[in-house]
Amino acid sequence: MSKIATAVVSVFLAASAASALGQQAAMDAKMPMPAPVDRAKILVAPGVYGNFSTYRVRPEYYRMALAERKGAAAEVLAVVDKHKDKVIVDAYLTRGFEAQSDLFLRVHSYDMAATQAFLVDFRATRFGMSLEVTENLVGVTKALNYITKDKSPDLNAGLTGATYSGEAPRYALMVPVKKNAEWWNLSDAQRLKEIETHTLPTLVNLVNVKRKLYHSTGIDDTDFITYFETADLVAFNNLMLALAKVPENKYHVRWGSPTVLGTIQSFENVVKVLSGAN
Amino acid sequence: MSKIATAVVSVFLAASAASALGQQAAMDAKMPMPAPVDRAKILVAPGVYGNFSTYRVRPEYYRMALAERKGAAAEVLAVVDKHKDKVIVDAYLTRGFEAQSDLFLRVHSYDMAATQAFLVDFRATRFGMSLEVTENLVGVTKALNYITKDKSPDLNAGLTGATYSGEAPRYALMVPVKKNAEWWNLSDAQRLKEIETHTLPTLVNLVNVKRKLYHSTGIDDTDFITYFETADLVAFNNLMLALAKVPENKYHVRWGSPTVLGTIQSFENVVKVLSGAN
Amino acid sequence: MSKIATAVVSVFLAASAASALGQQAAMDAKMPMPAPVDRAKILVAPGVYGNFSTYRVRPEYYRMALAERKGAAAEVLAVVDKHKDKVIVDAYLTRGFEAQSDLFLRVHSYDMAATQAFLVDFRATRFGMSLEVTENLVGVTKALNYITKDKSPDLNAGLTGATYSGEAPRYALMVPVKKNAEWWNLSDAQRLKEIETHTLPTLVNLVNVKRKLYHSTGIDDTDFITYFETADLVAFNNLMLALAKVPENKYHVRWGSPTVLGTIQSFENVVKVLSGAN
Amino acid sequence: MSKIATAVVSVFLAASAASALGQQAAMDAKMPMPAPVDRAKILVAPGVYGNFSTYRVRPEYYRMALAERKGAAAEVLAVVDKHKDKVIVDAYLTRGFEAQSDLFLRVHSYDMAATQAFLVDFRATRFGMSLEVTENLVGVTKALNYITKDKSPDLNAGLTGATYSGEAPRYALMVPVKKNAEWWNLSDAQRLKEIETHTLPTLVNLVNVKRKLYHSTGIDDTDFITYFETADLVAFNNLMLALAKVPENKYHVRWGSPTVLGTIQSFENVVKVLSGAN
Amino acid sequence: MSKIATAVVSVFLAASAASALGQQAAMDAKMPMPAPVDRAKILVAPGVYGNFSTYRVRPEYYRMALAERKGAAAEVLAVVDKHKDKVIVDAYLTRGFEAQSDLFLRVHSYDMAATQAFLVDFRATRFGMSLEVTENLVGVTKALNYITKDKSPDLNAGLTGATYSGEAPRYALMVPVKKNAEWWNLSDAQRLKEIETHTLPTLVNLVNVKRKLYHSTGIDDTDFITYFETADLVAFNNLMLALAKVPENKYHVRWGSPTVLGTIQSFENVVKVLSGAN
């Protein structure tokens, strides 16, 4: 039996295990969920789909009567409520920080199609109809890959031990990351070493920057979506400088582009502010 | 007789054989086809033209009365019916996943001009008139090139033996691929070796990801259009990570850009959803 | 007398000869041409200006009454007729193949300003006013540069001996080509060698692909505009693959971008189809 | 205790010091500021947020009655006045210099959210509603990093000793700067050396060009925003040529793109000029 | 005294001389100029600002009554006349040659702000209000830098001795040029050598191509704006091919992008042609 043939057999054996995570997500999708999504749980679970979209309000919206715009927030909240057993939605105001957008949404669900159903309904509201979508990235959460208890115990302890102790975050940032073919062709051990070098200088910032990672290779034109919250933008700037200074940075073909910065606000307030109805 | 002159003669002798496939397609195009296109057959035949187009609904569409938008789906289906002896059409909803599009069409025919005739009629419907085309890629199917029974028997058996055994796919992805001049200047044997290395880690995913390949070099600004269907986006993400980790990836100048992700739906439903008429 | 000084003198002596071709074109431009342009002659002459433009029909056009759109073709043909002693016009339908355009025009004249005069009048018709220009490239034909009787007799004989013997072409493709500074800094002999390697595998395709070359260095942001006609898109795809596999490909900085594919149609029919008046 | 574990501990110890600057800014943000922002102070303080935005006036604005446009400046000034205890605003006219913009704003505050509040209100004026945002960059001021008294005393003295002695500046320029991974992976000593080489030839221009630096790594898609004022554009051109000629330039991946040039004017005048009301 | 300290002193001493050119321009700007700008003089003087802008006519313009469009040229000429003591304006028709523009303006003045004042008034005319600015580049003229009498006497004599002897130019071309950091980090002697190699093959074309150079480093996103006039586009194509073939070409990061080609026409005629009023 040739070497390739053996490999062919062995990958088939591995198939059922490899997609177990995906099947779990699919099962969740099929199960009825009459209760609202549990926010605390969905924000830490693997196999959760994250959808990041940015929007610009079309100028036509402001030719609508103010009275009509004043009803926009309630209409949007009704859509959020309708889908609350499947998705949770976070909203951010980006006007004044970004040329490409006025607001930015982060939607989580256990099933990508449930997210689409929510966004289709959102876009059918008067406010949603007045938006131009300027970016839309999708990703999925996974269990830790490199800095695990087994592979890198000290750093794992550092990550686990660090707790955010700053003020309540007022700012959120979304930063897409894409790596080049050289990175992906490194051995697992080499990539682990680079990620360790990357992780070390960031531990110091875990006290004032919260982080969350989504995987996107193949399901969108990026490899990762990194999401941050902070009350201290200078600390965040220092964190990103530290990351720029490690060798892993040489493998980036995309880091930002766009970097999206917004203030953390209720969805209601975001719609009201952009409707001139606050 | 100089070496070049001999080569000139021999390429002329090869000419009729080389374009046999194309002539077959041309013949098919000339033959009357009163019966609907055989879907099962056209999806596996070589010499079939695949046309991938994405569209954004213009905001003006939503200023049309809902009553009028409710008639849009029937009008579109009538166009599909008119062309059913020449083309088959698959539709996908991308709103909520993509910034650049709301829907995406895949059209197959044995004659590229028949596809154009259908799309011209589609664009003349009220719904079609309200669309902005945001991407349009064309390709053609060909017989297997590298992993054939002769050149790579074990992997060919692996490819042939693998059957999709997941749930009915709910998602489709279209991913254009373009390779650099270094790739095309490798010898056939070198490219075969790289494709073998590429194929091996993908066999495991054939149980939960369906694939189809279209060739585009010269007829569009890409070399290949790769099309996938799956019910398990995490499995798809893992497949694409495996492909990122083989040396072939170093020859990519385009892999995605755009990656288009949509849910698989009937054309009728896609039009209804985007018309606010569902 | 220094080496540079001598060179300065010698380039001055060469000046009148070097621009002979241009002066011929200028002379033609000044001569009255009351008779229609001789199509057979202008398509093979050097010193002829080729103008390639692509257009998208603005959505406003379809809000015009159909009766008015029905008159569009006649108005366009009157403009063609007005300029028929200076320019010839070929039209192609690209809707359904290209996201960036619905139609594509190729205009030839002995004088670039005559082409401009025609296009200005075309854009002043109701149909022309409804178009958005999405690409416009200009070039000029020149005598063969590399594969001449003197420099490469066998390949020249191959080029001369090859005759298109396929069906009447139904498709046209326009592919811009730009080469990098390394290419242009090769010696003439090196470039000749690369072009020979490029030409050899293409001879086989001359039976089913027609080709025409325009030079653009400096007068537009490309070095060449290559134009093709074929009835067999698979043969064309094979031709382009053969060209991808020669070392010359490594010097390309642009090859396509855009590749424009259209069906060959009368200008009248193109306008009628896009006006919904066919 | 492993080397990594030690490092983990030590970075935690460093955490409170590292973000001191950020905490200072946060404190400032929380303190009530009933008095107008002190312009002289905010323009030299570290921890100040700079926001640079460019705008194009939409063509619809000019279809508004002139009488209505004449009121635009007063409405804008009222918004500036409302926020004068939190932000200061500088305005520049770019029409005639830039394709992408007609005006450009620089806003300073001790709290990024205060800047957003101002810009949201500005965009809600009739003039603001008629603008398209074409660029928006954010950064923060920091204490000198390289050319300090300690690290580079002579150059620091040169920087400190230089005083602007030209005419009152009439022009402002905003130039974003982004450096590649090789730059950030240099040692601190190497980067200091490059910055010294960079600084030396610029001292001569401090007599006729004013400069200010903002840090943006991670909070926007650039590393720095450099801002200049001058009355002498030829001197500025010479300064930038001097900077092009030092090795640091080889590490730039962005230097400009866009370079924004405007005339320094009162906000009132910028609005009046663009409203046809001057 | 350290080496750096000495350098700091010496650059300060050089400061007043270095910006002499700029000060001259500034002085000119302050002097009253009641008489029209002397065209012959401004086109050869150093310290003159050149402003290159391209425009597309918005489709709305053609919905204006023809009678109103007929008055557009007179209104534009009145603005030219109003500013004739400060600026001179050249206009070119690009419709039919360029996708991005219909016309192109070149404005010269001794003071950049005077150019802005003219362009602001131009944009306030009915015709100007109907334009979209698609490119805007600014530069300044300087004395010869490399091929001077001292540094390169033979080539300088060649440049001085060459006289344009072709027909009156009918075409103008604007070609931006940007060089990479490697170029700017060459020594002066190395750059001189490359420019000599660049200049030699171009002398032959001075009989049928006119040239003019503007410097833009730092004041716009290009290093140079090169402007050409010719009656012979084939000669121009040959000139640009000769420049492509010298090593200097390897240092280009921008050469064109856009290349703008227009016919030389009176401003009045350009406005009339684009207004359908000729």
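Biologist: How many salt bridges does the rule find across the interface of chain D and chain A?

Modeller: A salt bridge is a side-chain nitrogen of Lys or Arg within 4 Å of a carboxyl oxygen of Asp or Glu, and across the interface of chain D and chain A this rule finds 1. The partners are Arg170(A) and Asp111(D), whose side chains meet with N to O at 2.7 Å. Please keep in mind that this is a predicted model, in which local features need pLDDT of at least 70 and side-chain atom pairs count only at pLDDT 80 or more, while totals for chains, interfaces and linings use all residues. Residues are numbered from 1 along each chain as its sequence is written, chains are lettered from A and ligands numbered from 1 in the order in which they are written, and side-chain values use heavy atoms, with hydrogens and water left out.

Biologist: How many residues does the contact take from chain D and from chain A, and how much area do the two chains bury between them?

Modeller: Contact means heavy atoms within 4.5 Å, and here it takes 48 residues from chain D and 50 residues from chain A. Buried area is the accessible area (1.4 Å probe) that two parts lose on being put together, summed over both; for chain D and chain A it comes to about 4000 Å², with 60% of it on carbon and sulfur atoms. Within chain D, the residues that lose the most area to chain A are Gln116(D), Trp184(D) and Asn185(D), which together account for 14% of what that side buries.

Biologist: How many residue pairs are in polar contact between chain D and chain A, and which element gives the most to the side of chain D that touches chain A?

Modeller: A polar contact is a pair of N or O atoms within 3.5 Å; within protein, one must be able to donate a hydrogen and the other to accept it, and residues adjacent in sequence count only if both atoms are side-chain atoms. Between chain D and chain A the count is 15 residue pairs, both residues being at pLDDT 80 or more. As for the elements, helices (H or I, at least four residues) and strands (E, at least two) are DSSP runs, numbered from the N terminus. Those that give two or more residues to this side of chain D include α1 (3-18), α2 (20-30) and α6 (112-123), and α1(D) gives the most, with 9 residues. By residue class, the side of chain D that touches chain A divides into 24 nonpolar (Ala, Val, Leu, Ile, Met, Phe, Trp, Tyr, Cys and Pro), 13 polar (the others, Gly among them) and 11 charged (Asp, Glu, Lys and Arg).

Biologist: How is a pair of aromatic rings described, and how many aromatic pairs does a search of the whole structure find?

Modeller: A pair of aromatic rings is described by the distance of the centres and the angle of the planes. Rings of Phe, Tyr and Trp (its six-membered ring) pair if their centres lie within 6.5 Å; planes under 30 degrees apart count as stacked, over 60 as edge-to-face and the rest as tilted. The search finds 75 aromatic pairs over all chains. The rings of Tyr61(B) and Tyr62(B) have centres 5.5 Å apart and planes at 75 degrees, so this pair is edge-to-face.

Biologist: Are Tyr61(B) and Tyr62(B) buried or exposed?

Modeller: Buried means under 20% relative accessible area, exposed over 50%, and partly exposed in between (1.4 Å probe, protein chains only); Tyr61(B) and Tyr62(B) are both buried.

Biologist: Where is Ser257(E) found?

Modeller: Ser257(E) lies in the loop between β8 and β9 of chain E, and its phi is near 55 degrees, a positive value in a residue other than glycine. A cis peptide bond, with omega about 10 degrees, joins Ser257(E) and Pro258(E). Ser257(E) counts as partly exposed because its relative accessibility is 49%.
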